[in-house]
Amino acid sequence: MNLEEIQAKISENAIKATEILEQEDGDIEVAQKMLNENEELSKKAEMIKALSEIPATNTEVKKVSDIILPGSTSYNNVKSFSPESRQEKEKMGYAFGQMAKMIGRNDKKAYQWLLENGYYTKGQNEAADADGGYLVPQILAREVIFLRDKFGVMRQNARVMGMSSDNLNVPKNTASTTAYWPAENTNITASQITFANVQVLAKKLAILTQVSSELNEDSIVDIGSALAEDMAYVMSYNEDLATFLGDGTSTYGGITGAVNAIAGVNGGANAGWIYTAADVTGDWNNVTLEDLRKLTSAIPEYADTADAKFYMNRAFYQQVVCNLLDALGGNGFFDLTAAPGPNPTLFGYPVVYTQVLSKDPTPAADTALALFGNFKTGSIMGSRRDLRIQVSDQAGFISDSLYFRCTERFGYSFHDLPTVSTAGSVVVLAANN
């Protein structure tokens with residue numbers, strides 16, 4: 001809300017509260033809520049006025065090469081930011097730190113730096129909510145989104161769709177028309193294509209972290225970088241945890257992930273739930289290449305595209321798959337040469353590391369060891385609200401600290417489920433005992 005909208009809302013609440021109080025049976029509690037809301041809105045208005053009164057000495061946005069960052073920084077802490085040069089990466093981290101100073105200390109110099117360097121525009125200089133929070137500048141929000149997309153496996157590989165409401169319904173073809181060979185002078189039998197709805201419900205994922213407000217010029221880049229990267233990692237890790245292993249409980253925001261969706265069909269007695277030939281609960285090195293090849297042969301042809309991939313923990317690939325490849329001779333050399341790097345392949349398909357899958361060398365029975373298939377044809381990830389980062393110093397007033405809050409709303413549905421005889425878009429290799 002801008003200043004004019006806030007003032008209009010204050011007037012509207014005052015009029016409504018007066019009308020309620022003038023009625024003999026007026027609800028006093030409702031009127032009091034409106035008056036309380038006006039107090040918070042008035043605080044917002046004062047904050048916006050204070051920010052708008054800060055003079056802009058130079059409205060020209062500086063180029064990266066013109067910005068001098070004080071103090072020393074650790075390049076390791078900023079290398080995950082998307083810009084290519086070290087200076088650009090440090091600039092991003094510095095901007096996060098400046099935002100913290102602006103909120104925690106009402107630092108006008110920090111605000112001025114953000115304004116001069118293009119991180120704030122006049123339309124963005126307003127409080128975000130009644131607890132004193134500020135929305136992170138959009139250019140910084142895009143950085144955190146970039147980092148989350150870099151870390152998040154499911155978000156990179158599923159079909160991601162925007163959500164205009166909390167409930168997304170996507171039509172799915174469940175049966176096709178039928179072709180017939182009609183005899184001469186015989187009516188053609190009618191047939192219809194049928195659809196079902198895939199429903200995706202938005203869930204909220206959030207982080208709240210406390211940071212000391214004692215930021216100085218020498219540490220501000222490292223602190224800003226660490227906050228951005230940590231939030232991005234934690235959000236993406238929990239996205240993957242829910243979308244791969246979620247069991248529909250509140251622990252995973254009510255989301256049922258791909259593994260449990262497949263396992264839940266006929267109690268795992270289906271074509272998408274494939275057990276290892278040998279007992280691997282005592283040693284996962286009893287997995288064979290034949291077990292893994294069962295996965296590639298199981299998925300339907302429509303899912304066997306460039307988006308078909310293996311998904312497994314890095315430890316499983318390095319300790320099990322690489323050992324199997326190492327034992328090969330002759331033709332196995334070409335598979336082996338692709339094994340050590342960050343983008344390995346197996347049977348010609350990409351291998352994607354996801355650390356939410358098991359890394360236990362003595363897995364329990366029915367543990368998902370690896371997945372193979374096409375998440376774009378098999379699942380939908382709905383994005384209701386992208387990452388939103390807010391900062392407040394009010395909750396940490398006594399301890400002189402800042403609170404960073406990161407939230408997002410998304411949903412997930414694995415819809416291409418298997419039957420007893422036919423696999424869906426994704427299949428699971430499970431530990432046999």
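**Entry 1: the whole chain**

How many helices and strands does the secondary structure of the protein chain come to? I counted twelve helices and 13 strands. Both are DSSP runs numbered from the N terminus: helices are H or I with at least four residues, strands are E with at least two. I noted that this is a predicted model, where local features need pLDDT of at least 70 and side-chain atom pairs count only at pLDDT 80 or more, while totals for chains, interfaces and linings use all residues. Residues are numbered from 1 along each chain as its sequence is written, and side-chain values use heavy atoms, with hydrogens and water left out.

Next I looked up burial. Of the 433 residues in the protein chain, 45% are buried. Buried means under 20% relative accessible area, exposed means over 50%, and partly exposed lies in between (1.4 Å probe, protein chains only).

Then I checked contacts, meaning heavy atoms within 4.5 Å. I took those between residues at least 6 apart in sequence; 74% of them join residues at least 24 apart.

**Entry 2: the sheet**

I traced an open sheet of six strands. Its order is β6-β13-β10-β7-β9-β8, with mixed pairing. At the edges I found β6 (273-279) and β8 (345-346), each pairing on one side only. Two strands pair if DSSP finds at least two bridges between them.

Helix α9 (residues 289-298) lies across β6, β7, β8, β9, β10 and β13 (426-432). I read its angle to β6 as about 165°. Axes are lines fitted to C-alpha atoms, for helices over the stretch in contact, and angles run from 0 to 180 degrees between N-to-C directions.

**Entry 3: strand β7**

Which way do the side chains of β7 point? In this strand (residues 309-312), Lys309 and Tyr311 point one way, and Phe310 and Met312 the other. All are buried. In a regular strand the side chains alternate between the two faces of the sheet.

I then followed the neighbours of β7. With β10 (residues 368-373) the pairing is antiparallel, over four bridges. Here Tyr311 stands opposite Leu371, Phe310 opposite Phe372, and Met312 opposite Ala370. With β9 (residues 349-353), β7 runs parallel, joined by three bridges. Phe310 has Val351 as its bridge partner there.

**Entry 4: strand β10**

Is β10 mostly covered or uncovered? It is mostly covered, with six of its six residues buried. Five bridges join β10 to β13, and the two run antiparallel. Ala370 has Leu429 as its bridge partner in β13.

**Entry 5: helix α10 and the cysteines**

I moved to α10 (residues 314-326). Its buried residues include Phe316, Tyr317, Val320 and Cys322. Asn313 caps the N-terminal end: a side-chain oxygen lies 2.8 Å from the backbone nitrogen of Ala315.

Why does Cys322 count as buried? Cys322 counts as buried because its relative accessibility is 12%. Cys406 also counts as buried, because its value is 0%.

Last, I searched for disulfides, meaning pairs of cysteine sulfur atoms within 2.5 Å. The count is zero.

Notes: A polar contact is a pair of N or O atoms within 3.5 Å; within protein, one must be able to donate a hydrogen and the other to accept it, and residues adjacent in sequence count only if both atoms are side-chain atoms.
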